[in-house]
Amino acid sequence: MINEAPAEPGDPLLVVIVGPTGSGKTSLALALAEQFSGEIVSCDSVAVYRGFEIGTAKPPLAARQRVPHHLIDVADAGENFTAGMYLRQARQALAEIASRGKLPVVVGGTGLYLRALLQGLSPAPTRVPELRERLRALATRSPDHLHRVLRRMDAAAAAAIHSNDIPKIIRAIEVCMTSRQTMTSLWKEGREPLRGFRILRIGLSPERAALYARIELRAQRMFDDGLVSETQTLLQAHAGPGELPFVFNSLGYRQAMRVLNREAERSQAIAEAQQAHRNYAKRQMTWFRREPDVLWLTGFGDDAEVQRRAAEEIAKAGVKAVPCS
């Protein structure tokens with residue numbers, strides 16, 4: 001059962017754009033925000049961190065100056081920015097955007113953050129330090145192993161959590177082991193859904209071969225644009241005793257670190273990043289296909305026809321476009 005609050009006809013519209021990595025969500029969000037006087041709320045668990053630019057494919061600075069963006073660069077790498085923190089800050093941003101008479105556009109590929117924002121979070125068991133230490137030790141030896149464990153325990157939660165997001169994976173396993181319930185089942189209990197908005201979900205569903213081709217090209221360009229150098233600079237800024245912040249395990253940065261550590265040649269790291277992005281896109285589509293009432297558009301977010309159809313739906317919901325100057 002989807003835990004969402006009923007909307008009233010006079011509530012402001014909230015546009016939510018979902019889809020796999022590389023599908024052009026950012027392009028569509030920018031086009032719609034400009035056309036309908038909107039502001040963008042990022043829903044990306046890595047874009048919240050300052051300094052992580054190339055590997056996150058953040059919107060260019062010029063685009064962020066053209067259209068107001070929220071929930072980008074709000075945390076330092078050493079922070080564990082949780083779904084609960086995202087929920088609170090994103091809901092505050094939505095309320096402020098609506099109070100200005102602007103159209104809020106939520107865009108991003110982190111399913112857990114989106115579900116927290118729209119449906120709320122349920123109370124979860126307290127943390128168990130000893131268990132968390134054992135799980136962290138397992139992650140140090142094999143980061144992929146913990147995600148496979150979670151898939152066996154709670155496949156739906158695993159689909160929502162990035163395979164390199166060790167803190168969230170550890171928390172999901174901890175919840176399963178201590179509550180004898182899956183995190184997915186807990187999500188359905190005792191949550192406070194977002195209120196005061198009519199929600200229009202727009203999903204991007206490009207043809208798979210075309211999507212994979214674009215994903216591979218984007219991963220290549222990240223390395224061409226200086227991902228390894230950016231990673232080295234970030235490592236120098238955050239070097240110190242103890243483990244590196246988990247964000248360095250994110251897609252792209254993890255492969256760039258293998259180059260810096262001389263564990264892989266550049267070409268091998270690029271191939272690994274391309275494969276990892278393709279796998280992530282599959283998991284994202286599995287997750288977003290479960291979202292209710294999504295208007296799925298075939299194509300990429302920078303396709304003129306896709307943008308026209310999305311704008312048409314927003315206009316049908318009563319939002320007027322900004323007059324052309």
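How many nonpolar, polar and charged residues does the lining of the largest pocket have? The lining has 16 nonpolar, 18 polar and nine charged residues, where Ala, Val, Leu, Ile, Met, Phe, Trp, Tyr, Cys and Pro count as nonpolar, Asp, Glu, Lys and Arg as charged, and the others, Gly among them, as polar.

## Ground rules

This is a predicted model, in which local features need pLDDT of at least 70 and side-chain atom pairs count only at pLDDT 80 or more, while totals for chains, interfaces and linings use all residues. Numbering runs from 1 along each chain as its sequence is written, and side-chain values use heavy atoms, with hydrogens and water left out.

## The largest pocket

Back to that pocket: its volume is about 1,000 Å³. Of the 43 residues in its lining, Thr 26, Thr 56, Ala 57, Lys 58 and Arg 218 are the closest to its centre. A pocket here is an open set of points on a 1 Å grid over the protein atoms alone, with protein on both sides within 12 Å along at least five of seven lines, and a lining residue has an atom within 4 Å of a point. Grid points are joined across faces, edges and corners, and a volume is the space filled by probe spheres set on them.

At least two lining residues come from each of helix 1 (25-35), strand 2, helix 10 (208-224) and helix 13 (266-288). Helices (H or I, at least four residues) and strands (E, at least two) are DSSP runs, numbered from the N terminus.

Helix 1 also has its buried residues: Lys 25, Leu 28, Ala 29, Leu 30, Leu 32 and Ala 33. Buried means under 20% relative accessible area, exposed over 50% and partly exposed in between, with a 1.4 Å probe and protein chains only. Just after helix 1, Ser 37 takes a positive phi of about 55°.

## The second largest pocket

The second largest pocket comes in at about 670 Å³. It has 23 lining residues, and the closest to its centre are Glu 243, Leu 244, Pro 245, Phe 246 and Asn 249.

Helix 5 (129-141), helix 8 (166-179) and helix 12 each give at least two residues to this lining, with helix 5 supplying the largest share, four residues. By class, the lining of the second largest pocket splits into 11 nonpolar, five polar and seven charged residues.

The largest cavity holds about 80 Å³, and of its 15 lining residues the closest to its centre are Thr 110, Gly 111, Ala 160, Ile 161 and His 162. Helix 13 turns up again here with the largest share of the lining, four residues, and helix 4 (111-119) and helix 7 (155-160) each supply at least two. The classes in this lining are seven nonpolar, six polar and two charged.

The second largest cavity has a volume of about 50 Å³. Its lining is Ser 45, Val 46, His 162, Asn 164, Asp 165, Phe 246 and Ser 250, which divides into two nonpolar, four polar and one charged.

## Aromatic pairs

The model has five aromatic pairs, counted when the ring centres of Phe, Tyr and Trp (its six-membered ring) lie within 6.5 Å, with planes under 30 degrees apart called stacked, over 60 edge-to-face and the rest tilted. One of them joins Tyr 49 and Phe 246 edge-to-face, 6.0 Å centre to centre with 80° between the planes. Tyr 49 sits in the loop between strand 2 (38-42) and helix 2 (61-66) and Phe 246 in the loop between helix 11 (227-238) and helix 12 (253-260), so this pair ties together parts 197 residues apart in sequence. Tyr 49 is buried at 0% relative accessibility, and Phe 246 is buried at 13%.

Phe 52 and Phe 248 make another edge-to-face pair, at 5.3 Å centre to centre and 70° between the planes. Phe 52 is in the loop between strand 2 and helix 2, and Phe 248 is in the loop between helix 11 and helix 12, 196 residues apart.

## Charges over rings, and a glutamine

The charged end of Arg 214 sits over the ring of Phe 300, 3.7 Å from its centre, and Arg 289 lies over the face of Trp 296 at 4.1 Å from the ring centre. The rule for this is NZ of Lys or CZ of Arg within 6 Å of the ring centre and within 35 degrees of the ring normal.

Over in helix 12, there's Gln 255, buried at 6% relative accessibility. The Gln 255 side chain reaches the backbone nitrogen of Gly 252 at 2.8 Å.

Methods: 1 Å grid on protein atoms, 1.4 Å probe; cavity = no way out; pocket = protein on both sides within 12 Å on 5 of 7 lines; lining within 4 Å. Polar contact = N/O pair within 3.5 Å; in protein donor to acceptor, adjacent residues only side chain to side chain.
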